[in-house]
Amino acid sequence: MLVEMPDRLLIVDDDESLQELCAAAFKLDGYHVEVASSGEGGLKKLDAAPFDLVVTDLFMPGKLDGAGLVRAVKARFPSTEVIVMTAVPTLKTAISTLKDGASDYVIKPFETDHLRVIARRALEQRRLRRELDTERAMRQELAVAYKELQKV
């Protein structure tokens, strides 16, 4: 019997109380949750083990802010979903982070239930994309096999 592992979520924010709040909310849904306080720390955790979803603050101290983390995650781990949170929303940051591959853009303060719904939606989109990729690969294999069969 195949046992499904819980989705792995990484919360990256320099505000420890927000980390704890988000982690508690996501654990209610059965996710495995880890936290990091900086973009650099988040990237180290991603390099150590794969995550299904990263929820990151946009503005953090250090060399790697949330926008940089979005770009790094999508470049290195294209199937990992990313949700951006910010207390200082602008149209420019929303558009640029979404263009860079973020799944969604959440304005602080937010209700944790709202964030949980957004996370579920992002993870469902990820699952659907993976299923579609699997189906495409199977169709290609079938097409090749059919051509071989026609030759015979």
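Select Arg8 first, then His32 in strand E2: the two stand opposite each other. Strands here, like helices, are DSSP runs (E, at least two residues, for strands; H or I, at least four, for helices), numbered from the N terminus. This is a predicted model, where local features need pLDDT of at least 70, side-chain atom pairs count only at pLDDT 80 or more, and totals for chains, interfaces and linings use all residues. Residues are numbered from 1 along each chain as its sequence is written, and side-chain values use heavy atoms, with hydrogens and water left out.

**Strands E1 and E2**

Now show E1 and E2 together. They pair in the parallel sense over 5 bridges; pairing takes at least two DSSP bridges between two strands.

Colour E1 by burial. Buried means under 20% relative accessible area, exposed over 50%, and partly exposed in between, with a 1.4 Å probe and protein chains only. In E1, 5 of the 5 residues are buried, so the strand is largely enclosed by the rest of the structure. In a regular strand the side chains alternate between the two faces of the sheet. Arg8, Leu10 and Val12 are on one side of E1, and Leu9 and Ile11 are on the other.

Move to Val33, in E2. Val33 is buried, at 13% relative accessibility. Draw a line from Val33 to Leu9: they are 24 residues apart in sequence, yet 4.9 Å apart in space, C-alpha to C-alpha. Contact means heavy atoms within 4.5 Å. Neighbours within four places in sequence aside, Val33 is in contact with Leu9, Ile11, Ala23, Phe26 and Lys27.

**Helix H2**

Select residues 39–48. Which residues of H2 are buried? They are Gly39, Gly42, Leu43 and Leu46. Turn to the face away from the buried side to find exposed Lys44 and Ala48. The cover over the buried residues includes strands E1, E2 and E3 (53–57) and helix H3 (66–76).

**Helix H5**

Pick Arg116, in H5. Arg116 is buried, with a relative accessible area of 16%. Leaving out neighbours within four places in sequence, Arg116 is in contact with Ala25, Phe26, Leu28 and Asp29.
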